[in-house]
Amino acid sequence: GRVDWEGKRKSVPDEPLDYLGPLRNGLAVAKDEESYFYVDASFTFKGGTYDAAYNFLNGRAVVSEKGQLKIIDTEFETVSETGFSGVLADPYGYTEHFGVSVFIKDNEFFLCDFSGASIGGFKAEYIGLPMESGAPVEFKSQNLYGFVSSETGKALISPKYEDAGAFCRGLAPVKLGGK
């Protein structure tokens with residue numbers, strides 16, 4: 001269900017849900033025992049029957065329908081079919097950060113704009129999502145971490161770290177020499 005800031009229950013769905021995402025663009029992703037779909041604030045079914053679905057942001061969402069990953073708009077029309085097999089989502093179910101998404105194909109990660117177009121053709125074993133607009137993102141190649149531009153897809157810092165995290169306010173945590 002949904003609660004207000006004081007923790008008072010505001011609305012409850014008629015049928016139990018296994019998952020309910022945040023309300024964005026007037027829609028929330030929901031899941032029952034069989035599939036993912038979208039509901040409005042009153043839990044009215046609005047559209048979709050998907051294998052997987054993610055939160056709307058800026059009028060778009062990534063969904064998987066019959067194994068095909070695509071981007072839809074709030075009318076549930078296909079904006080683009082990506083050709084990728086997966087997408088990286090943050091813990092809150094968002095696949096886009098500051099206009100950048102990370103799509104997956106054949107166990108490789110691709111830095112892309114939110115239409116699914118590759119940014120600079122960059123691929124790696126792992127690529128993070130930016131935490132600030134224009135901030136570099138960490139990537140993993142041959143078991144080492146470096147940083148790539150989220151705007152051009154070009155490597156800014158070659159892989160040399162044992163571990164790395166996202167840039168925030170101009171700094172990123174890294175591990176080198178066990179420290």
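Hi everyone, let me begin with a term: a residue counts as buried when its relative accessible area is under 20%, exposed when over 50%, and partly exposed in between, with a 1.4 Å probe and protein chains only. Strands here are DSSP runs of E, at least two residues, numbered from the N terminus, and two strands pair if DSSP finds at least two bridges between them.

This is a predicted model, where local features need pLDDT of at least 70 and side-chain atom pairs count only at pLDDT 80 or more, while totals for chains, interfaces and linings use all residues. Residues are numbered from 1 along each chain as its sequence is written, and side-chain values use heavy atoms, leaving out hydrogens and water.

Let's look at strand 17, residues 144-148. Four of its five residues are buried, so the strand is largely enclosed by the rest of the structure.

Who are its partners? Strand 16, residues 137-141, pairs with strand 17 over five antiparallel bridges, and Val-137 has Val-148 as its bridge partner. Two residues separate these strands in a hairpin, and Gln-142 in the turn has a positive phi of about 50°.

Strand 18, residues 155-161, runs antiparallel to strand 17 and is joined to it by three bridges; here Tyr-145 stands opposite Tyr-161. This hairpin has six residues between its strands, with Gly-153 in the turn at a positive phi of about 80°.

Now to another sheet: an open one of four strands, in the order 7-8-9-10, with antiparallel pairing. Strands 7 (52-53) and 10 (78-81) each have a single partner strand, so one side of each lacks a neighbour in the sheet. Strand 7 pairs with strand 8, residues 60-65, through two antiparallel bridges, and Ala-52 has Ser-64 as its bridge partner.
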